[in-house]
Every structure is written in structure tokens, then in C-alpha cells.
Amino acid sequence: MSFPTKENLCTRFATELILRHTNEHAEEKCRVTISPSVDRSDQEKARLEQFQRTEIPDKYNIGALVDEAKEVMGVGIDQGGTFCKDILRIELSGPTQPHLTIVDLPGLLRAGTREQSAEDAAVVQSLVLSYMKNPRSIILAMVSAQSNFASQEVIQHAREIDPRGVRTLGIITKPDILDVGSASERDYFDLVQNRHAKFRLGWHVVRNRDFKTKDATNKERDRAETEFFDQGVWAGLPRSQKGATTLRTRLSELLKDQLLDQLPEVLEEIQVGLDDCSSRLEKLGPARSTLTEQRKYLLNASHQFSNLITEAKDGFYQDKFFGNAREDEGYRKRLRAVVQNTLTDFSHEMRMNGQARKIVETASRKDHAQVSRADYLREVKDLMSRTRGCELPGTYNPLIVGELFHEQCTPWRKWLEEFSRKIFEAVDFTVKAALAYIVDEDTKAKLWRELISDALDRLNRQLRDKINEVLRPHEDGHPITYNHYVTETVQRIRTNRLRANIMIGLKESRGKPTSLDESLELIMKHAEEDMETMSSSNAVDWMEAYYKVALKQVVDDFSKLAIEACLISKLPDLFTLEIVFELSDNAVGRIAAESWETADERKFLIDKMEILSSGMAELRRLSKHHRCINDIEDELANTPGTTSSEPDTSQGQPSSQPPEVPLSTRSEKLPNPTKSDILNKPTSENRGRVAENPTLRSLLSSRISEAPKDDIALASTKPIKEAKIAQDSFLLLKTALKKEKMKTKQGTLLATPSSFDLSNAIGERVRSLGEKNRDQPPW
């Protein structure tokens, strides 16, 4: 696939080339679309989304597509916009395509020219950084030799986003413009050897076409590049770090390593996707086109709903529906916990703020609800005179106690209504969450409209009626109780007050030479009260004692008779099997008949699950194979007498080139090899025998013995499977060759002085097996 090239400003928006591999019988397809940026208006988004092409570009050159997309996006100097955040997506699928996504981005720039402004620079930087920050992408930091690399922003951005350099590969372009022998050439030579800006993936250098050779073919370009790198300082650079050909191989290795590194996370995300699809499919239920299927679906949903609500109200949170209690949503689904905590708060609030006026010995100026006992007694004395009946002097009308109590319990209704509202909101949330967990959104809305909403409203009315019933005797009736706590409380209050007055008199008489009669006079002076004050004090004492008893009663009645009996205990009956059985056929059809959106969503989820399951199986097989290779490497590394013979090229010294690895051209069919055949058969790649090395033979034998028979039967009639097996076998051989010296008739062959040569040989061998459908073993 050829991207457009230009000497000056060329790439004006992101272009995603999405390659996808299909089975060998599928035909190659292409789909080109534009993904509008979030900054676009709805009208512009609709216009851009209409851009769709399905023709495969001529000679895989996408230049015409890019130019056409520019016109649609309105990008260009003549159209008022230099860059944009829209994305051109080119999806190409076929049996020859790999699974790969390549993103071509605009180059980072500085504002100040006619074609680019400060706003353009900000747009480009935001676009480029958004892709660089993707933790699964490989950053190709392009550095042009036209200017000093230290001034090129991409290096600084790469260091900030990828500080360890684990997914950044630096690429130097246009090295041919450097003067031979100059300091700039030496600086860039040191840069490609990872001596200045260090990345764990290292650097690579390529030579671009110049203006004179812009129309040269790929072969001509590669030939000119090879001639250039065989001269001067670049000749001393390892072949694996220069040239477009080795860059392709190097990138394939990086992609493979990146895939293997990300494999655990990808597997975890796929599992999350599978779980989500399974949960959504379970909510959708099976297809229900008939009345019987629809009623069966509702019966199953009602059974699950009753069980969930019962667990929620009883405090048994075993189902996955309840989630994590540490999270707010998980806590709110635990209805029993919410109700218990809310009622505990209600009890505390009633004790602290349930009375209209707080009677204390000394009132605080900050708390306006407090009133001193002396001031309150004066108010009561005045009220008693206003409500005087036929009682004797010094006594009081017993109805005054009820009047004082009714005034004190005025805030109760406010607190009961407020906390009943909180609990009903908790119930409403739990019921809706349970429905959403069990059925799809469409069915949930229908159930809520047809059944649940009205049933909850009835429960809410019953709850309000019960609250009125609980409060009525306290707000309207005369105080009545048979609880002995009232009289005991009044007696204790009076005893404590008398004791306090006596203590005051004793303290005044202490130290004075008085007789016993005089001391008693001092004590009685503080203990005696006039009859009206005593009557007022008695009335207040009885009111406060009764208030304490009534407060405990109303808290319990609200919790038990109203909340529990009228609301919580009836929740499982909102949607039961009996209700479903009693529904008419029309009602069942209105609720459970599935719309075309539901049927379409079910089909989408089933297809998605099949794709994810297939991918999961392949990735697990790859993960298992990768662990097997790592085990071989570890065992070889720990085996005495085995050393790696790879030459050190870290200092930029040219490595010795390995002898050419010839590929077998035999076309005759061979029988299926046995395990010993695989170990003993000479290979054309090394012209030796694996059996000549006992350590390697033992390790390979143990690995092959652990493999399934299907993997040992290398001569398959299916080229795709044979190619996969061949690739697996060569990965084993490649790993072993990296650790062992293989003897040949011509001398000692170093194990992959350049790993890219062996990789190319393996790749060619696998491709030849896939294309020619040979049955011979890859060895």
C-alpha cells in the first residue's frame, strides 16, 4: 500500500490503514470511510459519514483516495483549513493481508509560515499525541537528517510519553543529504547506534527517494539504498539497522513482541467482552415470537426478580447483581443495609431534634431551639391560667399535659416523611436496578409501565397512610400510656430536683454557727415552691416523661409497622409468577414481544461472542506456545556448556554475514514424519543433524513428546494449518539455534549472526508452504 508523498506539507489528517486477514476462500474487500471529529456539527458529521468507497485502489496507491477525502473534509489552503481532526479509515481485508493497523499522522510543526498557523500546530500536536499515548501502539519517531535532531520535537514527546523507550523505535530519514565526513554525519551515525537519544528498541536509518528518483520502482529504490549504505561511515553499521527491507522485518519482530507482551491484557479484555455479551444475551433471553415463548420469558424474569429482591431485603448479597460494596452503586443495591442505616439515622435524628423546644437549665444563645426551664415554667404558668377549668387552687387541668406534648412533637411528621421518602427512593433504585439486570431496556420500560410503577405507587400510598396512622394518637389524642416507665421517670425527676435543692441549702449553712432548726430553715427555703410554680413544674415533668415513652414508640412503629410491614416485606410480590399467569394474552404481548431492535441486538451479540471466542482460543494457543518457547530458552540458558554465539553489534561494528540459507525446492510428497524423523532428519537450512547435539535433541524431544499428535503430523492436506505448524517448528529451531553452535560440513555456522536472515528464511519457507500446498515437513 503506497501512501502519497510530497516534498513540502503533505499529510493533513490522520489516515488509518486497517488490514485484516480472512480465510483463504474469501475475496479481497475494501471499505473507505471518514470518521468525523467531535468538533464537527451534526450536519457536518452527517455529510462526512456519507463518504464511503468500496473499490480497491489501483496498484494499492491511496493517493487518489486521500485527495478525494481532502475535498470532502474541506482541508487545504484554498478551503480555509490546513489540518483537521477527522480520520480517513481504509479497511482492507483478504487472505493475503495481515492483522495490522498503520496510522499515518501529520508531522509535528512550528507555526509561522503562510501555510500553517499557531492553531494548526496545536491541532497537529493534539492529534499526534493522542495516538502516541495509546499504550499498545509502537511509536515510530521519524527524525529527518535535514536538521539537528536535538531540535526535533518528536524525540522529546516520545521521552515524555514512553520514558523507558520500550515501544519507541527511532527512524532517521534522508541521510544522503549529509556531507560525507562531516560532524553532522558522525552525530547521526552515533544517534542510530543509540548513543544520544536512547530507546530500548533502538534506531533505524533509511534512504528516501529524492526528486530525481521519485518515480523509481521499489526495486530501483532498494538497489540505490543498498549501494548508498555500502559506502562511507554507513558501511560499518549492522545490516539490521539500515534499509527499508530490514526495517520491514524488524517491525514484524516488534509487532510480534508487542503482541506477546500485551497478550495477558488482551485476553483479560476479551474475557470481559465475553462476560458482557453473555450477560446482555441472558437479559435478552431466547427469541420470543410466539405467545408461549413470551409468557415463558416473563415467568423466568419474574422468578429471578423475586429472588433478587428477596436477597436484597433479607441481606444475603450472594448474586453478582450486588457488585462491590465499596462502590456507591454496589452499596445502594444492598437494600437491607441502606434501610438499616437510614432507620438508624432516623432514630438518632428523632432523639436529637425531635422536640420542638429543648428544655435545659441554662439556654445557649446560639441554639434558638433551647429554652431555660425557668422561662419555660413561666410560659406554662401563663398557659395554665388561660386554660383554667374547675380544678381547685394549686392544681392544674390534666389536659395541659397533652397540649404541651402536642407542641413538643410537632417536628415528628417532618422527620417521618423525610426518612420515608429516602427509603422509598432506595427501594425505587433497587427495583429498577434488578429489572435492568434481568431484562433488556425495552422490556424493562414495558414492565415498569404496565406493572411495577403502579404497584410501587400503591405501596407508597399504603406507606403514607400508615405514617398518618402512627402519628394520629400523638398529634390529636390525649396522652395515654400504661407503661410504668412514665411514673418512674416522674418520680426520679422530682427526687433529683429535691436532692439538688437540699444540697444547695446544706452548702449555704455549712460553716455557720446555727442551730438545727436554723439549718432546716435554710434547706427548706430552697426546697419550697409556691403552688402555681409547683403545678407548672409537675405538668412539665409529666410531659417530658411521656414524651420519652412516646418517642420510643413512634420510632419503633415507623420502622416496623410502616417501613417493614407496608413497604419492604411486600417488594418481592411486585412481579411474581402468579401475576404473570394472570396476565391476559394482550398484556403479555405488549410486554414481552421483542422489537426489531432487540432481535438485531441479539444477532449482533451472538456474532460478537463467536468472534471473541474464536480469538480467545487462538490467543490462548499462542500464549501457551509462547510459554513453551520461553521454557526452552530458560532450560538452554541453565544447561552447562551452552553459550550464545551471537556477535556483539552494540558498538556499531559490522557483523560477519552468515552463509546463505537455501530453501528446499523439492515438490515430491513425503509421508507423515514420526517424532524420531523430526529429530534425525537433516535439514537444508543447517546441513546438519539436530541429533548431533544431545542437549538440543533432549529438549526438542521433550517438547515434541508433550505436543498433541495433531501438531506432530506436519504433512497436512490443509496449507494454512501446515504453514502454522511449520512456523511453530521453525520458532523452536530458531530459539535453539540462538543458543547452540550447529556444525556443518563446511565448518561451524554461527547461530543467527543476524536474526533477520533466519527470520526471512522462515517467513519465505512458511509462505512457500502456504502457496504451493506442499506436504513435505518444514525441516
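Start by selecting Arg167, which sits in the loop between helix H4 (153–161) and strand E7 (168–173). Keep in mind that this is a predicted model. Arg167 is buried but makes no salt bridge. The nearest side chain of opposite charge belongs to Asp162, 4.6 Å away, and a salt bridge requires the nitrogen and the carboxyl oxygen to lie within 4 Å. Now show Asn134: its backbone oxygen is 3.0 Å from a polar atom of the Arg167 side chain. To see the surroundings, display the contacts of Arg167 beyond its neighbours within four places in sequence; among them are Met132, Pro135, Ile139, Leu201 and Gln258.

Stay in this loop and select Pro163, which also lies between H4 and E7. Is Pro163 buried or exposed? With a relative accessibility of 67%, Pro163 counts as exposed.

Next, follow the chain into E7. Here 6 of the 6 residues are buried, so the strand is largely enclosed by the rest of the structure. In a regular strand, side chains alternate between the two faces of the sheet. Colour Thr168, Gly170 and Ile172 for one side of E7, and Leu169, Ile171 and Thr173 for the other; both faces are covered. Then bring in strand E6 (residues 139–144), which pairs with E7 in the parallel sense over 6 bridges. Within E7, Ile171 is the residue opposite Met142.

Move to the open sheet of 5 strands, ordered E3-E2-E4-E1-E5 with mixed pairing. Strand E3 (52–53) and strand E5 (100–104) are at its edges with a single partner strand each, so one side of each has no neighbour in the sheet. Select strand E1 (residues 14–21) together with E5: the two run antiparallel and are joined by 5 bridges. The bridge partner of Ile18 in E5 is Thr101. Packed on this sheet is helix H2 (residues 63–73), which touches strand E2 (29–35), E3 and strand E4 (87–94). The direction of H2 makes about 145 degrees with that of E4.

Charged pairs come next; the salt bridges number 34. Select Arg40 and Asp86, whose closest N and O atoms are 2.4 Å apart in a salt bridge. This pair links distant parts of the chain, with Arg40 in the loop between E2 and helix H1 (42–49) and Asp86, 46 residues away, in the loop between H2 and E4. Arg40 is buried at 15% relative accessible area, and Asp86 is buried at 0%.

Go on to Arg288 and Asp440, where a salt bridge joins the side chains at 3.4 Å, N to O. Arg288 is in the loop between helix H7 (244–284) and helix H8 (291–314), and Asp440 is in the loop between helix H13 (412–438) and helix H14 (441–475), so the pair ties together parts 152 residues apart in sequence. Both residues of this pair, Arg288 and Asp440, are buried.

Finally, select Lys466 and Glu469, a salt bridge with its closest N and O atoms 3.2 Å apart. These two residues are 3 apart in helix H14, about one helical turn. Lys466 is buried at 19% relative accessible area, whereas Glu469 is partly exposed at 43%.

Technical notes: Residues are numbered from 1 along each chain as its sequence is written. This is a predicted model: local features need pLDDT of at least 70, side-chain atom pairs count only at pLDDT 80 or more; totals for chains, interfaces and linings use all residues. Side-chain values use heavy atoms; hydrogens and water are left out. Helices (H or I, at least four residues) and strands (E, at least two) are DSSP runs, numbered from the N terminus. Buried means under 20% relative accessible area, exposed over 50%, partly exposed in between (1.4 Å probe, protein chains only). Lys and Arg count as positive and Asp and Glu as negative; His and the chain ends are not counted. A polar contact is a pair of N or O atoms within 3.5 Å; within protein, one must be able to donate a hydrogen and the other to accept it, and residues adjacent in sequence count only if both atoms are side-chain atoms. Contact means heavy atoms within 4.5 Å. Two strands pair if DSSP finds at least two bridges between them. Axes are lines fitted to C-alpha atoms, for helices over the stretch in contact, and angles run from 0 to 180 degrees between N-to-C directions.
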